[in-house]
Amino acid sequence: MPHRVERLHRAGLKATGPRLMILEAIGNHLHHPTVEDIYTSLIKDHPSLSRSTVYETLDVFIRNGLCRRVTGAGDRMRVDGTPQDHDHAVCQSCGDIFDIDRQVFPLPSPPAQLPNGLQVKGLRLEYEVICSACRETSEGK
């Protein structure tokens with residue numbers, strides 16, 4: 001618990017009960033959870049929790065660098081609580097998201113600026129893939 005309190009404080013946020021439990025839930029879900037995944041994992045032990053609280057808390061976490069929004073299949077928001085820089089591979093068949101380690105697959109250095117005065121703050125790469133489970137399923141047909 002103290003580590004999560006420290007993370008919230010370093011991000012400039014108060015360590016409230018909902019923030020602590022949602023931050024813990026993000027850490028417990030290693031497969032880029034949706035709001036529904038987080039809500040479902042917490043509602044049994046915290047019946048007063050609302051989906052809107054989860055959405056709002058995740059929005060605050062994203063804006064303050066505690067997690068990041070991940071693109072996936074469908075329209076559902078997914079988050080990634082892994083703080084280290086890494087990229088993602090998204091299965092175009094099932095929508096599963098996999099972390100790609102930048103030490104294994106390094107990225108080129110991004111430019112400092114793009115046209116129209118856009119200042120580059122970072123670079124993320126998303127691989128479009130077919131995962132091994134989906135490949136095996138399609139080959140078995």
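# Briefing: helices, salt bridges and backbone features

His32 is situated in the loop that joins helices H2 and H3. The model is a prediction, in which local features need pLDDT of at least 70, side-chain atom pairs count only at pLDDT 80 or more, and totals for chains, interfaces and linings use all residues. Residues are numbered from 1 along each chain as its sequence is written, and side-chain values use heavy atoms, with hydrogens and water left out.

**Overall architecture**

- The protein chain contains five helices and seven strands (DSSP runs of H or I with at least four residues for helices, and of E with at least two for strands, numbered from the N terminus).
- Along the sequence, the order of these elements is α-α-α-α-β-β-β-β-β-β-β-α.
- Taken along the principal axes, the C-alpha atoms of the protein chain occupy a box of roughly 50 × 45 × 30 Å.
- Of the 141 residues in the protein chain, 32% are classed as buried (buried is under 20% relative accessible area, exposed over 50% and partly exposed in between, with a 1.4 Å probe and protein chains only).
- Among contacts in the protein chain with a separation of 6 or more, 41% join residues 24 or more positions apart (a contact means heavy atoms within 4.5 Å).

**Packing of H3 against H4**

- Helix H3 spans residues 35–43 and helix H4 spans residues 51–63; the two pack at an angle of about 125°, and their axes lie 10 Å apart (axes are lines fitted to C-alpha atoms, for helices over the stretch in contact, and angles between N-to-C directions run from 0 to 180 degrees).
- H3 and H4 are therefore oblique to each other (under 35 degrees counts as roughly parallel, over 145 as roughly antiparallel, 65 to 115 as roughly perpendicular, and the rest as oblique).
- On the H3 side, the contact is formed by Val35, Glu36, Ile38 and Tyr39, and on the H4 side by Arg51, Val54, Tyr55 and Leu58.
- Sorted by class, this contact of H3 with H4 comprises six nonpolar, no polar and two charged residues (Ala, Val, Leu, Ile, Met, Phe, Trp, Tyr, Cys and Pro count as nonpolar, Asp, Glu, Lys and Arg as charged, and the others, Gly among them, as polar).

**Packing of H2 against H4**

- Helix H2, residues 17–28, also packs with H4, here at an angle of about 75° and with axes 10 Å apart.
- H2 is therefore roughly perpendicular to H4.
- From H2, the residues Pro18, Arg19, Ile22, Leu23 and Ile26 meet Thr53, Val54, Thr57, Leu58, Val60 and Phe61 of H4.
- The contact of H2 with H4 has eight nonpolar, two polar and one charged residues by class.

**Salt bridges**

- The structure has six salt bridges (a side-chain nitrogen of Lys or Arg within 4 Å of a carboxyl oxygen of Asp or Glu).
- Arg10 and Glu6 are joined by a salt bridge through their side chains, at 2.6 Å from N to O.
- Because Arg10 and Glu6 stand four residues apart in helix H1 (residues 2–10), about one helical turn separates them.
- Arg10 is exposed at 57% relative accessibility, while Glu6 is partly exposed at 42%.
- Within H4, where Arg63 and Asp59 are four residues apart and separated by about one helical turn, these two side chains form a salt bridge whose closest N and O atoms are 3.2 Å apart.
- Arg63 has a relative accessible area of 58% and is exposed, whereas Asp59, with 31%, is partly exposed.
- A salt bridge of 3.8 Å, N to O, brings together the side chains of Asp85 and Arg102.
- Asp85 is in the loop between strand E2 (78–80) and strand E3 (86–91), and Arg102 is in the loop between strand E4 (97–101) and strand E5 (113–114), so this pair ties together parts 17 residues apart in sequence.
- Asp85 is exposed, its relative accessible area being 58%.
- A network of salt bridges links Asp85, Asp87 and Arg102.

- Arg4 is located in helix H1 and is buried, at 16% relative accessibility.
- Leaving aside residues up to four places away in sequence, Arg4 touches Leu20, Leu23 and Glu24.

**Positive phi values**

- Most residues other than glycine have a negative phi.
- His32, which is not a glycine, has a positive phi near 55°, and with 3% relative accessibility it is buried.
- Asn116 is likewise not a glycine and has a positive phi, of about 70°.
- Asn116 belongs to the loop between E5 and strand E6 (118–119), and is exposed at 77% relative accessibility.
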